[in-house]
Amino acid sequence: MEDGNNNNIREALLLVKKEDVYYENCPGCKVDKAKHLTNGISIRNLLYIWLAVLCGTLPVCSLFPFVYFMVKDFHIAEREEDISSYAGYVGSSFMLGRALTSILWGMVSDRYGRKPVIIFGVITVVIFNTLFGLSTNLWMAISMRFLLGSLNGLLGPIKAYATEICREEHQAIGLSTVVAAWGVGLVVGPALGGYLAQPVEKYPNIFPKNSFWDKFPYFLPCFIISVFAFVVAIACIWLPETLHNHKDNNKSIDKAEALEGGSNNDDEAEEEKSIFQNWPLMSSVIVYCVFSLHDIAYQEVFSLWAVSPRRLGGLNFTTDNVGTVLAISGIAIIIYQLSLYPMVQKTCGPVTLARFTAVLSIPLLQSYPFMRMLSGFTLYAVISSASILKSLATETIATGLFILQNRAVEQHQRGAANGIAMTAMSAFKTIGPAAGGALLTWSQKRLDASFLPGTHMVFFILNVVEGVGVLLMFKPFLSVKK
């Protein structure tokens, strides 16, 4: 009798799969049906992903080129060498807020849908990024960044969304779009901050002295990003939802596939196990966290080091100079992620490619302190080339780890899984800016040291962190779900 019931269940589940039954009022089923009927990939959906991620990423690092000068204008640092430390606190406050709420936003997106979380996150950029540009003291700046980080939870759900909106064979392109937009935001954001901060000094014919722009010299880049976010928030109204709203959602189809393949109850129990017991997921998250710590610390150190005076081992760049270097890197990331990466990833695989680029970036980073010996066009050419290569390496590693994370879980766990990844990553990134600023301050006070003098030390420490990440990308630590 029991065998007969099992056969009936199996036949029913397989019927669901074979006949492609979709629930009429379920947004997730509509997306699945569209994927089934179309072999290609929707450019419109990729554009939605691109805009949402870019909107969430632009504010993350847009302050780096000018935060040194912003903190200096707050008149809170007693010595010039201490400015970098205070600037690190401002950068860390955003990631602290994100670390405290990312799991919550992932759970909300699993329960109520990806779309409302994404739209709400975009709206928070409009509000709190604008207020950050109006900051008049250190504590206001830290508070606005903290609120922006804690209430903007779109980056975790958007990674889940990118895999759900694409057919399986196109998921690498979907996640590559996320990482490309993320990478572009991390360089275009600072470029905007570099070009548009202190507009009265740079563009006196447009922005007169003693005007609003003179009183709030760092408002313009924040305002431009907020206007962009407002437009994106409106566009996201037409964003298709991918989460199923019926009780048996995609689990019945997953179980049908399992039954058809002859899986037993142990396999089903394995599928439903706790996310925290999913080692392919957790190992990739841990590796991702290590590289995230390195990445955010590098971004903070690079911008502060570039604008530091040459007597302290810096390049004495202006915010415009930093903006130009990062804008060039952003263009390179777009070309690489949307054209070269999918092809190379298919050939090498995401893990092998990530390992290779991580190893190559270590000697590249250690060469940075020697660049201060250059000047003029040679300096710009070399530092721009190095920045491009470092940015491409960062995006390659991140994309590979995103692919591993999303392949390690089923849809009904994907929002929470990405929320865990964002929480852990944000916790590490909370340490990064503060630690990077403090390390740069310390290195600039030891210019005459016999071992790794000056900024050689801070770049060496960054490489140690990356070296740990490289080691963790190999077995037995990193486990890849087949």
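**Figure 1. K202 and D320 form a salt bridge.** The closest N and O atoms of K202 and D320 are 3.3 Å apart. A salt bridge here is a side-chain nitrogen of Lys or Arg within 4 Å of a carboxyl oxygen of Asp or Glu. The pair links distant parts of the chain, 118 residues apart. K202 sits in helix α10 (residues 199-202), and D320 in helix α16 (residues 319-348). Helices are DSSP runs of H or I with at least four residues, strands are runs of E with at least two, and both are numbered from the N terminus. K202 counts as partly exposed, because its relative accessibility is 22%. D320 is partly exposed too, with a relative accessible area of 25%. Buried means under 20% relative accessible area, exposed means over 50%, and partly exposed lies in between (1.4 Å probe, protein chains only). This is a predicted model, in which local features need pLDDT of at least 70, side-chain atom pairs count only at pLDDT 80 or more, and totals for chains, interfaces and linings use all residues. Residues are numbered from 1 along each chain as its sequence is written, and side-chain values use heavy atoms, with hydrogens and water left out.

**Figure 2. Shared partners join D110, R114 and E164 into one salt-bridge network.** R114 meets D110 at 2.7 Å, N to O. R114 also meets E164, at 2.6 Å, N to O. E164 lies in helix α8 (residues 155-164) and R114 in helix α6 (residues 114-133), so this pair ties together parts that are 50 residues apart in sequence. R114 and D110 are both buried. For R114 the relative accessibility is 0%. E164 is buried as well, because its relative accessible area is 4%. The count for the structure comes to three salt bridges.

**Figure 3. The largest nonpolar core has 112 residues.** Such a core is a set of buried Ala, Val, Leu, Ile, Met, Phe, Trp, Tyr and Cys residues joined through side-chain atoms within 4.5 Å. I49, V90, F132, Y368 and I383 have the most contacts inside this core. Helix α15 (residues 279-307) gives the most to the core, with 13 residues. I383 touches F302, W305, L315, F317, V325, Y368 and M371, leaving out residues up to four places away in sequence. Contact means heavy atoms within 4.5 Å. Apart from this core lies another, of eleven residues, including M282, A416, A417 and A421.

**Figure 4. Q299 is found in helix α15.** Q299 counts as buried because its relative accessible area is 12%. Its contacts are C61, F64 and L186, once neighbours within four places in sequence are set aside.

**Figure 5. S384 lies in helix α18 (residues 376-407).** S384 counts as buried because its relative accessibility is 10%. V325, I328 and S329 touch S384, not counting residues up to four places away in sequence.

**Figure 6. S176 has its place in helix α9 (residues 171-196).** With a relative accessible area of 1%, S176 is buried. Q337, Y341, P342 and T399 touch S176, not counting residues up to four places away in sequence. S176 and W50 are 126 residues apart along the chain. Their C-alpha atoms are separated by 9.9 Å.

Figure 7. Helix α3 is mostly covered, with 15 of its 19 residues buried.

**Figure 8. The chain as a whole has 20 helices and zero strands.** Of its 482 residues, 58% count as buried. Among contacts with a separation of 6 or more, 81% come from residues 24 or more positions apart. The chain exposes about 20600 Å². Carbon and sulfur atoms supply 64% of that area. Accessible areas come from the Shrake-Rupley method with a 1.4 Å probe, and for residues only the protein chains shown count as cover.
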